[in-house]
Amino acid sequence: IGYYCDDAQKKAYTGNGRPDIGALHVLDPRTSQVATILDAKGGSVRDPQVHYDGRRILFALRKAGEDHYGLHEIDADGSNLRQVTSGPWDDYEPIYLPDGDLLFLSTRCWRWVNCWMTQVGIMYRAGPNGEDPHQVSANTEHDNTPWVLPDGRILYGRWEYVDRSQVEYHHLWTMNPD
């Protein structure tokens, strides 16, 4: 995501037109057929999350020629693509909450990793159309891969500098979605 703090022209994201990361595919388990439902045409697709009803998919998309990921939603058949969030930041790793809202990571907190030159993404919550985005975690380092537990709490990884290896593992944390 994003860029390095010492040089905004030095991009931290991967892809740059690689065809293997610029599409969203679905697999039909009955036939083993793979269908492309979105070709980002030189952009990057990441973090697809299927809605509880199985009819929609929420994901992060960095369009070709753009620097930031925004959240998008598409019907599982490839129709009705719509942009949910946008801005001069990266929104990624989205999940659907049971009440219809969205939870996602974002660099809109404008923080940087203490020991490196990349942006920090922490958790935000917004309405189903991206309205009223507001911060729900206050971590100074990355939150990672949020997931809804059966009791409604959010399970996530959190980058910390205490009691852990720098790169080998991250502790699991839980929080309420508010």
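Two strands are taken to pair if DSSP finds at least two bridges between them, and strands (E, at least two residues) are DSSP runs numbered from the N terminus. With that in hand, I154 stands opposite M175 in β15. The structure is a predicted model, in which local features need pLDDT of at least 70 and side-chain atom pairs count only at pLDDT 80 or more, while totals for chains, interfaces and linings use all residues. Residues are numbered from 1 along each chain as its sequence is written, and side-chain values use heavy atoms, with hydrogens and water left out.

Strand β14 (residues 154-158) is joined to β15 by four bridges, and the two run antiparallel. Together with β13 they form an open sheet of three strands, in the order β13-β14-β15 and with antiparallel pairing. The edges are held by β13 (143-148) and β15 (172-175), each of which pairs on one side only. On average, neighbouring strands of this sheet are turned by 30° against each other, direction ignored; the axes used here are lines fitted to C-alpha atoms, and angles run from 0 to 180 degrees between N-to-C directions.

Between β13 and β14 lies a loop that contains G152. This glycine counts as partly exposed because its relative accessibility is 22%, where buried means under 20% relative accessible area, exposed over 50%, and partly exposed in between (1.4 Å probe, protein chains only). The C-alpha atom of G152 is 8.1 Å from that of L97, although the two residues are 55 apart along the chain.

Strand β13 also holds D143. D143 is buried but has no salt bridge, and R158, the nearest side chain of opposite charge, is 5.1 Å away. A salt bridge requires a side-chain nitrogen of Lys or Arg within 4 Å of a carboxyl oxygen of Asp or Glu; Lys and Arg count as positive and Asp and Glu as negative, with His and the chain ends not counted. Beyond its neighbours within four places in sequence, D143 is in contact (heavy atoms within 4.5 Å) with residues including I122, M123, Y156 and R158.

In β11, I122 stands opposite S106, and strand β10 (residues 102-106) pairs with β11 in the antiparallel sense over five bridges. Strand β11 (residues 122-126) is mostly covered, with five of its five residues buried. Two bridges also join β11 to strand β12 (residues 134-135), again antiparallel, and the bridge partner of R125 in β12 is H134.
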